[in-house]
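Please read the following briefing alongside the sequence and the model.

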Amino acid sequence: LAALFFICGGMKMELEGSRLILREMDRFDACDLFEIYCRKDAVAWLSIPVHVTIEETLQGIDDCLMQCAMQNLPPPWVLIEKNNDHLIGTIDLHHRSSLHTMEIGFLLHPDYWRQGYMSEAMEIVLTYGFETLQLHRITALCAVENEASIALLKHFSFQQEGLLPDYTVLSDGKYHDLILFSLMREEWRNQNEDNRCYSGTL
């Protein structure tokens, strides 16, 4: 289980685990994020097309941060590997459907798949969401074909609530069925702490 530390630097907050630092995304991350968003395999399960230029990535960052500010949501975090200071992915809490419910989303560079990095990031953000933000429920939407993300969510005891047929168009330009998952705070707290060291696909 990754240790969790909250580091406040000015107005920005960082979350720290054993191998990762999660810090707020900003415009200076555009080049590193482009290296992820330009890959077809990385964005296969997102509702955005593959990025062709860094300008697309920069515009996406600006739009995202503006929406967060307007809706009083925490900015997305970028995942920084401690050993080499590389930006390897993103994770965020968004779509506040009530004061006590938010949706989690995540993205990892394919070079870092199957090494447990997203498991560590999930543990950090779930702790922040349930303990600091005092959320009651965290949800996730996942394409039915996205086996790796489904396995990760189930590891953290997310429960399937329903199937949404042809719910959204993903990066391949086709409609896909999505599964709605959710995790309640009490259920998360009741998990066996010693059983969270996930070493699956993400």
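The structure holds eight salt bridges, each defined as a side-chain nitrogen of Lys or Arg within 4 Å of a carboxyl oxygen of Asp or Glu. This is a predicted model, in which local features need pLDDT of at least 70 and side-chain atom pairs count only at pLDDT 80 or more, while totals for chains, interfaces and linings use all residues. Residues are numbered from 1 along each chain as its sequence is written, and side-chain values use heavy atoms, with hydrogens and water left out.

**Salt bridges**
- Asp29 and Arg23 meet through their side chains at 2.5 Å, N to O; Asp29 is buried at 2% relative accessible area, whereas Arg23 is partly exposed at 22% (buried means under 20%, exposed over 50%, partly exposed in between, with a 1.4 Å probe and protein chains only).
- Arg137 forms a salt bridge with Glu161, with the closest N and O atoms 2.6 Å apart; because Arg137 lies in strand β7 and Glu161 in strand β8, the pair ties together parts that are 24 residues apart in sequence.
- Arg39, Asp41 and Asp111 are linked in a network of salt bridges.

- Strands β8 (residues 159–169) and β9 (residues 175–184) run antiparallel and are joined by seven bridges, where pairing requires at least two bridges found by DSSP.
- Five residues separate β8 and β9 in this hairpin, and Gly173 in the turn has a positive phi of about 80 degrees.
- In helix α4 (residues 147–155), the buried residues include Ala148 and Leu152.

Methods: Helices (H or I, at least four residues) and strands (E, at least two) are DSSP runs, numbered from the N terminus.
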